[in-house]
Every structure is written in structure tokens, then in C-alpha cells.
Amino acid sequence: MAIIRKYNLFIICFLICMQVVFNCFADDDKKDNQNEKSVKQSNLEHIKNEFKKQLDEKAEKSKDADNQPDLVFENSEYDFGKIYRGDRVEHIFTFTNKGNGELNIERVRSSCGCTAAIISSKKIAPNEAGEIKVTFNSGSYKGKVSKNVTVYSDDPDTPTYKVSISGSVVEEVSVNPERVDFSKVPFESGATRNISVKSETDFKLKIKKIDSTNPNIEAAFEEVKDKNEYIVAVSLKKDTDYCRINGN
């Protein structure tokens, strides 16, 4: 009988312990579920905030983009064809501000001193047009040439924009060499250098007269038959005083 009572007591204690353990696990599961739910809610809030932030940034960028200038040139290249050496070429490049914000031209810069650029206005309102006048001086150039003019503005897409002017410079009459250097010459001996003067086109060349700006330098010419060319002999006179000789 005592054994049965002890056994029953053991069973009861065991059941009580199991209930306590079960309750503990249940509490832990409940806490885990609550923590997991809290984490999920926190993550969801973070995702919502990030999404809202991205939408706000896109809206702000879209708003800024709507107020930006847009520099658009009608043509960015001009070919002047053929000109004679020494000629000047002028061309006007037309552009429009296609944006919704005011366009500010900071400056225009040519690639060399032979090309000049003048802008009509540095501030261009939306949908208004502007002009850049480009002048090319062929000067000493010959053959094919290409010169650039760079436009600096506050257009966010094209802050630097290049326009170009190009063509061929024809040398109607070539002089080779263009500069004569007698170097060091003993004053009693004199010296002579030859220059070729030749037509590079169908132009019929004829030398009528030669003048010298220096009394110590004289020149004579002789025609080369059937070549449309002359040979000019430039001479430094004998017994010239000791000095440095310059002239044309």
C-alpha cells in the first residue's frame, strides 16, 4: 500500500514537472514569436521608410530636372569648303535653350588664336535662341584645317559643348623658302640664295617687279619655262658694312 502511494506521488510530481517544463517552453515560444513579430514589424517599417525616401529623392530630382536648362545647337559643324590663303571665314552657330530653366553661358574658348568666337548673350531664357559668331583667319595655314570652339555652360548634361569649323586653304602662289637666312657672311664676299615662286592653281603667274626694303639686298628673277614658276635670286651685296641684315 505504501509502495502504491509512493508510486502515485511520483507520478503526480512527474506530471507537475512536465507541466512546468511545458509552460516554460510555451512561454519561450511565445516570447520568440513576439520577438520575431517585432523584428518583422521593424524591418517592414525600415523598408517603408527607405521606399518613401527613394520616392522623395526621385520627386526632388524630377522637380530639379524640370527646372534645368538644355543647350541644343542647330548644327555643330560647318565646312567652309575651299578658300585662298589669307582669306577670312565667318559663320554663325545658332543654338536654343530647350530646357525649363535659364541657360548661363560661362565662356567660349577657341582652339587657337586664328579663330575668334563671340556670343550674342550669356543668359538665355527657356525656348529662346542664341548665336555664336566664329571667325577663322587662314593666315599662314594651307591644306586641310579644322578648328574647334568650346562652349562652357550650366547645362547639367553637356557642360562643355564643341562646335567645329573646317575646310581647305588653297595656296594660290607658293614661296619656298619663305624666309632667307644668309647666316654669317664675310663682308667682302657677299652671298646669294634662291627662292621658288610658283603658281599652285591655274592662275597664270607673272612677276613684273621686285622691291627690297634693305639697300644691301637686291634680287633678280628668271622664269622657268612651262612650269608657271620663277626663280628669284636674292643677293647680299659685297663690301656690306658689318651689321645684322633684315629686310623684305
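Author: Two strands pair if DSSP finds at least two bridges between them. Keep that in mind for this predicted model.

Reader: How do you know that β4 and β8 pair?

Author: Strand β4 (residues 103–110) and strand β8 (residues 143–153) share five bridges, in the antiparallel sense. Pairing takes at least two bridges, so they count as paired.

Reader: What is the order of the five strands in the open sheet?

Author: Going across, the order is β2-β9-β8-β4-β6, and the pairing is mixed.

Reader: And what makes β2 and β6 stand at the edges?

Author: β2 (77–84) and β6 (123–124) each have a single partner strand, so one side of each is left without a neighbour in the sheet.

Reader: Which residues form the positive surface patch with K225?

Author: That would be K204, K206 and K208, which make up the patch together with K225.

Reader: Why does E200 count as partly exposed?

Author: Buried is under 20% and exposed is over 50%. E200 has 44% relative accessibility, so E200 falls in between and counts as partly exposed. Its place is the loop between β11 (191–199) and β12.

Reader: How far apart are E200 and E171 in sequence and in space?

Author: They're 29 residues apart in sequence, and 6.5 Å apart in space, C-alpha to C-alpha.

Conventions: Residues numbered from 1 in each chain as written. Predicted model: local features only at pLDDT ≥ 70, side-chain atom pairs only at ≥ 80, totals over all residues. Heavy atoms only, no water. Patch = residues over 30% accessible without salt bridge, like charges linked within 9 Å, V, L, I, M, F, W, Y side chains within 5 Å. Areas by Shrake-Rupley, 256 points an atom, 1.4 Å probe, with all protein chains shown as cover. Salt bridge = Lys/Arg side-chain N within 4 Å of Asp/Glu carboxyl O. Lys, Arg positive; Asp, Glu negative; His and termini not counted. Charge placed at Lys NZ, Arg CZ, Asp CG, Glu CD. Helix = DSSP H or I, 4+ residues; strand = E, 2+ residues; numbered from the N terminus. Buried < 20%, exposed > 50% of the residue type's maximum accessible area, 1.4 Å probe, protein only.
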